[in-house]
Amino acid sequence: MKTYFIVILLLLTGAFNANATGYYTFFLGGQSNMDGYGYNKNLPAELSTTQDVMIFHGNGVFDNKQGGGEGLWSMLKPGHGTGFKSDGKSNQYSDRFGAELSFAANLSEKIGNKKIAIIKYSVGGTGLALKSGYGNWSPDFVEGEGKNQYDYALKTIENAFSHHDIDGDGKPDKLIPAGIIWMQGEADAHTSVHTANAYLDNLKRLMALLRASLRKDDIPIIIGKITNSKLEKNIMPYYERVQTAQRLFSEQDICAAYMTETSNYGYTKADAWHYTSDSYISMGKDFAESYIQLSKKC
């Protein structure tokens with residue numbers, strides 16, 4: 001098992017002075033429905049502009065590829081959906097968006113004058129189990145160079161926390177870990193009955209490791225419920241097993257919640273795997289509301 005994950009975020013204890021600006025920081029992770037397949041052209045006016053929210057979007061790559069987790073802090077705007085790329089020096093924005101836009105906008109309304117920062121890392125088609133999907137998040141992955149989604153997520157977090165002035169105003173900033181937002185499970189529900197049955201244990205383990213990397217073992221976690229469009233034959237034959245695992249995780253963890261509003265989201269016949277643009281807007285709002293409710297008791 002990889003054991004270095006705790007070391008990388010000793011940066012959290014770095015040199016922040018008492019006057020540092022605090023940013024309540026959320027990690028957004030998962031697979032393609034966290035990437036986001038909404039079209040920027042379908043955004044309402046209030047989400048089409050740059051928000052007063054900072055985001056570090058780690059470059060997403062498949063296992064054992066170069067550049068995973070590279071990125072830079074920038075102000076949040078459309079283009080952080082599928083197709084987004086970064087080399088750590090500049091960002092290449094796409095014509096798509098995910099839950100991050102409406103999540104940040106709605107959360108900003110709810111928490112008053114607190115500043116918000118987002119760390120995002122997600123790659124479509126990736127599962128939690130070894131040999132699942134187009135890549136996996138397993139801490140036990142050792143094939144090739146031994147670099148997988150877990151490693152690249154940690155690299156993203158490490159890179160994000162290595163900057164002490166994320167907004168570029170010449171004054172120190174402090175990232176305050178506030179939540180983990182997780183939208184993933186389709187790959188495990190599709191690959192095999194074994195990956196679906198292992199989902200609960202794998203989810204528990206990964207969330208514990210992500211909490212440890214953020215140095216907050218009770219950080220609130222919101223799990224987004226996966227859904228099956230049923231527009232293709234055998235698209236996710238084991239989705240109910242993964243849904244059950246997601247629900248059980250949320251019931252067994254006092255600082256976790258299950259965001260189930262995804263059951264009301266729409267698909268198109270052209271894309272049986274990914275939600276519509278309106279649904280990604282709803283997703284961000286629903287994640288924000290779930291977080292607000294959970295934070296009252298956790």
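Predicted model: local features only at pLDDT ≥ 70, side-chain atom pairs only at ≥ 80, totals over all residues.
Turning from the surface to the interior, buried residues make up 56% of the 298 residues in the chain. Secondary structure comprises 9 helices and 13 strands. With a radius of gyration of 18 Å, close to the 19 Å that the globule rule gives for 298 residues, the chain is as compact as a globular protein of that length. Along the principal axes, its C-alpha atoms fill a box of roughly 55 × 45 × 40 Å.

Now for a closer look at one helix pair. Helix α3 and helix α9 pack at an angle of about 35°, and their axes lie 7 Å apart. The crossing of α3 past α9 is right-handed. The two sides of this contact are set out below.

| Helix | Residue range | Residues in the contact |
|---|---|---|
| α3 | residues 100–110 | S102, F103, N106, L107 and K110 |
| α9 | residues 277–295 | Y280, I281, G284, K285, F287, A288, E289, Y291 and I292 |

What is the make-up of the contact of α3 with α9, in nonpolar, polar and charged residues? The residues divide into 8 nonpolar, 3 polar and 3 charged. Among the contact residues are F103 and L107 of α3, along with I281 and F287 of α9.

Note on methods
Residues numbered from 1 in each chain as written. Heavy atoms only, no water. Axes fitted to C-alpha atoms, helices over the stretch in contact; angles between N-to-C directions. Helix = DSSP H or I, 4+ residues; strand = E, 2+ residues; numbered from the N terminus. Left-handed = near helix turned anticlockwise from the far one by under 90°. Contact = heavy atoms within 4.5 Å. Nonpolar A, V, L, I, M, F, W, Y, C, P; charged D, E, K, R; others polar. Rg over C-alpha atoms; globule rule 2.2 N^0.38 Å. Buried < 20%, exposed > 50% of the residue type's maximum accessible area, 1.4 Å probe, protein only.
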